[in-house]
Amino acid sequence: MAVQNSEVAQTFNQLADLLEIQGENPFRIRAYRTAARTVMELSQSVSDLVERHEKLYEYPGIGKDLAAKIEEIVHTGHLKALEDVQEHTPKALVDFLKIPSLGPKRVKLLYEKLKIKSLEELEEAAVSKKILKLRGFGEKTRLEIIEGVKKLKQAERRQVLLYEAGETAQHLSSYLKNAPGLQKLAVAGSFRRQKETVGDLDILITAEKADAAMNYFLDYNGIAKVAAKGPTKATVILHSGMQVDLRVVADHSYGAALMYFTGSKAHNIALRAMALKKGLKLNEYGVFKGIKPLPVATEKSIYELLKLPYIEPELRENRGEIEAAQKGELPKLIKITDIHGDLHMHTTESDGRNSLKEMALAAARRGYDYIGITDHSQRVAMAHGLDKKRLLQQMEQIDRLNEELKSITILKSIEVDILEDGKLDLPDDVLAKLDYTVCAVHSYFNLSREKQTARILRAMENPHFHILAHPTGRLIGSREACDLHGLPQHRTITLDEVRCRASPPWLVGESRRYQYFTAVKIAGVF
DNA sequence: GCCGTTTTCGGCCCGACTGTTTTCAGTCG
C-alpha cells in the first residue's frame, strides 16, 4: 500500500510537536515543519518519487536527512525516530499546546516539575493551584488553563467556512467604518487570502487617533470577551466564538502592515529573508535600510523593492509563488468578471430554491451569457431527483424559455448520479438529448481507492460523460475527500488551467461547501 | 535540520502583549 503524502507530513509534524515540548533546537523543529509543508505541496506522491529514485533532497527544505526519513516512511510505513521520541513523551502533552497561554516551554515545565501527562492531571493541578508553584505561572494563567482544558474537552477550535466568515467581516467592517477618524480599513489574514476556512479575522485600520478608533472597536456589541488589548493591537472573542484581531497602524505603514497581516506567515518569512539578503529589514511598519525607512506606501511598492511583481493574496503561501514571480510565471487568477456563465445549477425541480425562470433571470441580471440547468437525477431521491419523464418535460420548458428570453442561453443538462458500479443513473438515449452532462458521486464515498477510482473511470468511459462534479466529494469540515488515485489533495486552479481544461472554454460551477471547482473531463485528469 | 553573491559553520523573521517579575521570558500571530 502506497504511503500518502499527507501521512508523511503528519509524521513530521508529530515529531516536531514532540521535539518542541522536549526543548529541541527550534530551528530543527522548523525544518521538520517546512519539510511537512513541502511534502503536502508536491504534485506527485512521495511513494512514486522514491520508487523512481528521484532526488527528494532537491526539493526546498528537504535535505539528505529528511529525504532518508521520507524513504524510511515509504519503505517501512513508520519512522523509528518518531517512535523513539514518542516512547518518552506522553501524547497528551501535544494537546496542551492548543491551550491558550501554554507553549512548549510551559508544557515542558509542567511535565518535568509536576509530572503532568494527561488533560485530567493538568486540570487537577490547575484547580488545586499546584501549578502556582512553578516559575512564570500566576493566577491569570491558572484560570486560562482551566478554561482551556474545558474547551479542549468540548471540541477543536472552530474553523468557519469562508462565506460565513465573510458575513462577520461584513458586519464588523460596516461598524468600523463609523469609527472616529478612520482612514483605511482592510480585513486581512486568511480571509483576504480566501482560504476555504477561516479561524479568525484580522482587521487592519489606520486612523487619525489610534486610541479613539481602538475604543470604538472595543465597544462593538458582538464582543463576548476581550482577550488582549493594547494601544495598537487588540484580540477579542465574539459571541459566535470567532476571534477577531484588530491592529491600528500609522497611515505611512499601511502597505507594509497589510502585507504583514495578510500573510501567510510562511510567505512573510520568505520575503523577510529576501529583504535581509538585500541589506533591508522588512516588518509591519515598512521597509528599512538601517534605521532609515524607505517609501513603501503599498504592497506593490514592497514587492517592487524586492524585485518581484505583485503577488495576489490568494497565492501567498510560500509554495512556489515567489520563485514563479521571480521567473515572471505567476498564474493569472480568475476574477468575477471572467465568469460568463454557470454550468452547475439546481432549481425547485430538485433541491434548488428558485424556479427555472427565476434562475435564468437572476443569471441574466448578473451579465451571464449562459447557464446550464443541472438538477439531480432520480437516484438522489432525497433531493427529489428527476427521472427520464420529468427531465424530458424540463427540457421542453427550457426550449420555451429560450424562445422567451433573448438575453441569455439556457443549456439543458442534469447532475446525473454515478452509481456504485460506475454506471450513470439515466439511460443513454435521454442523456444524448442534453447539451452536456454533469456527473457526480453522491453515495458510497468510502470505497477503497482502487474501487472508487475504477468507478469514476468507468463513468468517464460513457460517451455522454462531460463534466465530473465535486470530484472528491469532500464537504469542508464535515466529510473527508473520498480516496482517489491521482487527484491532488489541495490546490488553486487558475484561469489558464480552466481554459485549457474546458472545451469549449466554459467556466464551471462551484459550490460554497465543496473544495473544488467542478472539473471538466479531459484526458489525464486521473 | 537546512543552507550558502557575507558562509561548509553559524546563522535561521520579528514585534506586541501578557503575566509575572522586579527587568523579562513566554506566547502569539
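This is a predicted model: local features need pLDDT of at least 70, side-chain atom pairs count only at pLDDT 80 or more; totals for chains, interfaces and linings use all residues.
Residues are numbered from 1 along each chain as its sequence is written, while chains are lettered from A and ligands numbered from 1 in the order in which they are written.

There are 41 residues around DNA strand B, and Gly63, Gly103, Arg106, Gly138 and Gly230 come nearest (near here puts the C-beta atom, placed from the backbone, within 6 Å of the molecule or strand). By type, the surface splits into 14 nonpolar residues, twelve polar and 15 charged (Ala, Val, Leu, Ile, Met, Phe, Trp, Tyr, Cys and Pro are nonpolar, Asp, Glu, Lys and Arg charged, and the others, Gly among them, polar). Several elements supply at least two residues each, including helix H2 (26-41), helix H9 (139-154) and strand S5 (223-229). Helix H14 gives the most, with six residues (helices, H or I of at least four residues, and strands, E of at least two, are DSSP runs numbered from the N terminus).

Strand S4 (residues 200-207) is largely enclosed by the rest of the structure, because eight of its eight residues are buried (20 or more other C-beta atoms within 10 Å of the residue's own, all placed from the backbone). Asp200, Asp202, Leu204 and Thr206 point one way, with Leu201, Ile203, Ile205 and Ala207 pointing the other. On pairing (at least two DSSP bridges between two strands), S4 meets strand S2 (residues 182-187) in the antiparallel sense over five bridges, where alanine 186 partners leucine 204. S4 also runs parallel to strand S7 (residues 243-249), joined by seven bridges, and there isoleucine 203 stands opposite leucine 246.

Key:
A residue is buried if 20 or more other C-beta atoms lie within 10 Å of its own, exposed if 12 or fewer, and partly exposed in between; C-beta atoms are placed from the backbone.
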